[in-house]
Amino acid sequence: MKKIINYIKDSYNELVHKVSWPSRAELTNSAVIVMIASIIMALVVWGVDSAFENLIKKVFYGL
């Protein structure tokens with residue numbers, strides 16, 4: 001049981017004193033970058049899906 005308590009204390013100590021937490025501005029910038037990248041990737045996937053859909057329609061249903 002003592003090992004578990006020491007582990008929890010060490011984990012807390014590391015999180016409080018050793019971890020470098022990002023600032024609010026850094027988090028905001030990162031979130032904006034992730035949202036923009038997600039939107040771009042969604043548009044790329046949508047475009048490829050639409051292109052394949054049109055190709056399949058032409059192949060199976062004729063020109």
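Helices (DSSP runs of H or I, at least four residues) and strands (E, at least two) are numbered from the N terminus. By this definition, the secondary structure of the protein consists of two helices and zero strands. The structure is a predicted model, in which local features need pLDDT of at least 70 and side-chain atom pairs count only at pLDDT 80 or more, while totals for chains use all residues. Residues are numbered from 1 along each chain as its sequence is written, and side-chain values use heavy atoms, without hydrogens and water.

The overall dimensions of the protein are as follows.

| Quantity | Value |
|---|---|
| Radius of gyration of the protein, over C-alpha atoms | 25 Å |
| Span of the C-alpha trace along its principal axes | about 75 × 35 × 10 Å |

Of the 63 residues, 0% count as buried, that is, under 20% relative accessible area with a 1.4 Å probe and protein chains only.

Helix α2 covers residues 24–61 and has 38 residues. From its first C-alpha to its last, α2 reaches 54 Å, close to the expected 56 Å, a span defined as 1.5 Å times one less than the number of residues. Gly62 follows α2 and has a positive phi, near 85°.

An unreviewed UniProt entry annotates residues 27–48 as "transmembrane region"; such annotations may be inferred rather than shown by experiment. In the model, residues 27–48 are 100% helix and 0% strand, and their end C-alpha atoms lie 31 Å apart.

Technical notes
The radius of gyration is taken over C-alpha atoms; the globule rule is 2.2 Å times the number of residues to the power 0.38. Buried means under 20% relative accessible area, exposed over 50%, partly exposed in between (1.4 Å probe, protein chains only).
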